[in-house]
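Subject: Handing over a structure

Hello,

Here is the structure I promised to pass on to you. Please have a look at it first, and then read on for what turned up.

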Amino acid sequence: MSTAYKTYQRAQDLGTPAGDVGTRLIDLTIDGVEVTVPEGTTVLRAAALNGINIPKLCATDSLEPFGSCRLCLVEIEGMKGLPASCTTEAKAGMKVTTQNAKVAKTRRNVMELYISDHPLDCLTCPTNGDCELQDMAGAVGLREVRYGYAGENHLDAKKDTSNPYFTFDPSKCIVCSRCVRACEEVQGTFALTIQGRGFESKVSPSQNQPFLDSECVSCGACVQACPTATLTENGLIEKGVPEHSVVTTCAYCGVGCSFRAEMKGQEVVRMVPNKDGHANHGHSCVKGRFSFGYATHKDRIKKPMIRETIHEPWREVSWDEAFTFAANKIKGIQAKYGKGSVGGITSSRCTNEETYLVQKLVRAAFGNNNVDTCARVCHSPTGFGLKATLGESAGTQAFDSVMKSDVIIVIGANPTDAHPVFASQMKRRLREGANLIVLDPREIDLVRSAHVEADYHLQLRPSTNVAVVNALAHVIMSEGLENKEFIAERCDNEGFRAWREFILDPVNSPEHVFEETGVAPELARGAARLYASKPNGAIYYGLGVTEHSQGSTTVMAIANLAMCTGNIGREGVGVNPLRGQNNVQGSCDMGSFPHELPGYRHVSDPAVRALFGKEWGVEIQPHPGMRIPNMFDAAVAGTFKAMYIQGEDVAQSDPDTHHVTKALSSLECMIVQDIFLNETAKFATVFLPGSSFLEKDGTFTNAERRISPVRKVMEPLAGLADWEVTQRLAQALGYPMSYTHPREIMDEIARLTPTFTGVSYAKLDELGSIQWPCNDKAINGTPTMHIGEFVRGKGLFKVTPYVPTDEVTTRKYPLLLTTGRILSQYNVGAQTRRTENGKWHDEDVLEIHPHDAEQRGIEDGDWVGLQSRAGETVLRAVISERIQPGVVYTTFHHPFSGANVVTTDNSDWATNCPEYKVTAVQASKVTKLSDWQQKFAKFTEEQLGYLDRARRPEKIS
Ligand code: SF4
Ligand code: SF4
Ligand code: SF4
Ligand code: FES
């Protein structure tokens, strides 16, 4: 499969989905040609599969057949009238005629009716050249419209331009319902209806509201489905029909949706979800579909910059000067303070190849193992917990597996906001009848939304995950609901015996932990019975599990739960971490941790060190290097002096901002590689301009271990792709790197990493994407792991005692703060804040329960001071019953909100993953910004002034 199309063409539409076709093939005749299709295929699709395109309007292969437009009718021998081919199943021996005078006349009549209420402004219409109605008028041979335009029509219907990304022009609507069905079937939001009957019928968002005010979440599924110019991307309206397209992968979340970047020259006209994408099957969310404008935002920094200290202006320099400056600093610091005084952070937003190069640079050119990644602050407990129990540090399933689940547990994750395309798929399965159990302190959307309702919402107190998951396992074991056969055959018996004894202890019963967790025992018992009683139970979890002092313990408790019910090793089951950033799985796979080389192999293993040492021509240090928090502590202590940070914004994303910024200010040299002057770059002395995902080749690995291609659609705005920047920095340090294309980096990764030996760009082009492990044992990859045997041999039950966090509420700090994400913003917001997504969320707010608000005299919209042991910030209050009394909630997408000024440096006992999800706080009504916010504003002004002076040196007197 080629990933680039020379000229623009709409993706092929087979008219109806493949559906539940059988394995049996049937023969029929279409227009005299004998064709063979799987049993259950519609006549429309059977024809399309064989190159016969029957005209259609209301049918499309992403939606169930509807049969309303009557354009696809055909003649079938032995059948009365002219049946609609989109709703007629192909049968063995059928004889179909798709074109004759009778059929043609009827189709023309149908089309004439549509066109008589359609503005004939094709030449000036934005979708001229990309309109199915126009194509169909041509296909049916429409030559005249006899009904005229004098009668009643909709030609003056007003446009709705409220959505920043697409326009709704009802004057062009043919009321085919494709948009309504897309919103229901594909997205699962049910924001659209057809109001009225007959001539009065019209598409209506929610209660006849503008799109922006409706329940619409701007996923774009309706725009994608619309066969006319009624729902059209603003990019297309402004720029016209694209002239070529390139298949690439979304750079936002861990779902890893595949897109066609539809281009005019070097300009993106629109991003269209790829129907062949294995993670998304043609669906998208607002971020991937529409929020790509940041890539060409005016804030992009396109020239390298250097300075001696952070309190002086930047100086724009050539790439050569920047590399020489940076390399001399690093070499000087290492000569003065030792090899270990420098380190690096890889980026989970960059490609696998780029991440691999950064850790290679640290290990080979810096000569130490001081490399870490943002997974430290998100899913490092997943790596630890799953490796210890199952033997591999990654999720067990493909996303599609959820379509075979009978019961789904969602723990500490909010998929509709953070992993929206997967959430749509999960909701589809729930609408089909699967049961749902949600463990979350907050009433997330999944608990109750259109046509979806959780069977159990265990609204636990933050920090009590381990107690609740143990309680579920206690019920299963004490009521004899475990899968004895699976345990005996597949699991380590000694480990199981020890765990069994532990879990049956009454201290783990729902009744005993009720006071601590707040979860009613009968709910915990009901949920446990439900999970254990269904054939296929799947667990999905997120940062609400990992970002705790007991994150690793909860991951192991989840693995125990899955193993004791036999829910591992086939489709429909499993343990599935929902990864946050687009390539956080990949950055972990690529050896970004200080103790592991690529493929999760410990640096203390001499054979592994020898393998990499030989390939890289260096001796690899045998001891683990520093984790991010260790680097910060050492910087404050004065023993760690320089960092190279690629595409991470630790000053905003990491906890305890006071400590982080003190550490960053203590460095003698900080090299930041990014596309914007982010919060961290304000503390940098070298700025190396980064490249967006549109400007480079490489691969991302999503939450289901799927390696997908990232393909360059425009030249790097600063002249170099990120992998080239790292390579040039290594060269300046005297370490040779000479890759000419990222494909060569992937070849090196494949040579050195057993789970990647079968991966190559050629195979990615052929298959579209590959789930690792991909090697001799699994030549096309591995959708489901641990089939027949766990990666570690026998599954290992781990004893998981509940140890309450030290972060407890007191009279001074009586509330618990927990944090999360929202749909329209992404992580630190550096990208999404530079798009129109601010229309939905332009500031972080504090959700507080009415009871807690009333006690404090706080009203909706008031400024609230939030104090913790670590610091204080001020946010606007939103009074909400989604959160339980005693708990407050915020997001961290805006630097000025300072959510991480408040979070503490408590962390997971095994991995140091910060305890973002639990901070004891007090909230009170205030009238002015916090001291930190005032200092932040001043510092930001100073730094932006330095940037401004660098960009406009001629204006400096
Ligand atoms: S807006 Fe488009 S998809 Fe929806 S009913 Fe009208 S023409 Fe059909
Ligand atoms: S953009 Fe998505 S959520 Fe909004 S109306 Fe269309 S399909 Fe529904
Ligand atoms: S779900 Fe994630 S990967 Fe898919 S389009 Fe949205 S942000 Fe991108
Ligand atoms: S395409 Fe078959 S009835 Fe509309």
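In the counts below, Ala, Val, Leu, Ile, Met, Phe, Trp, Tyr, Cys and Pro are taken as nonpolar, Asp, Glu, Lys and Arg as charged, and the others, Gly among them, as polar. Please keep in mind that this is a predicted model.

Let's begin with ligand 2. By class, its shell has 8 nonpolar and 3 polar residues, and no charged ones. The residues around ligand 2 are Cys183, Gln187, Leu192, Phe211, Cys216, Val217, Ser218, Cys219, Gly220, Ala221 and Cys222. Two or more of these come from each of helix H4 (178–187) and helix H5 (221–225).

Now for ligand 3. Around this ligand you will find Cys250, Tyr252, Cys253, Val255, Gly256, Cys257, Phe259, Cys285, Lys287, Gly288, Pro420 and Val421. Helix H7 (286–290) and helix H12 (420–431) each contribute at least two residues to the shell. The shell around ligand 3 splits into 9 nonpolar, 2 polar and 1 charged.

Finally, there is a helix pair to look at. The axes of helix H22 (residues 628–637) and helix H24 (residues 657–666) come within 8 Å and cross at roughly 60°, so H22 and H24 are oblique to each other. The crossing of H22 past H24 is left-handed. From H22, Phe632, Asp633, Ala635 and Val636 meet His659, Val660, Lys662, Ala663, Leu664 and Ser666 of H24. That contact has 6 nonpolar, 2 polar and 2 charged residues.

Enjoy exploring!

Best wishes

Terms used: Residues numbered from 1 in each chain as written. Chains lettered and ligands numbered in written order. Predicted model: local features only at pLDDT ≥ 70, side-chain atom pairs only at ≥ 80, totals over all residues. Heavy atoms only, no water. Near = heavy atom within 4 Å. Helix = DSSP H or I, 4+ residues; strand = E, 2+ residues; numbered from the N terminus. Axes fitted to C-alpha atoms, helices over the stretch in contact; angles between N-to-C directions. Parallel < 35°, antiparallel > 145°, perpendicular 65-115°, else oblique. Left-handed = near helix turned anticlockwise from the far one by under 90°. Contact = heavy atoms within 4.5 Å.
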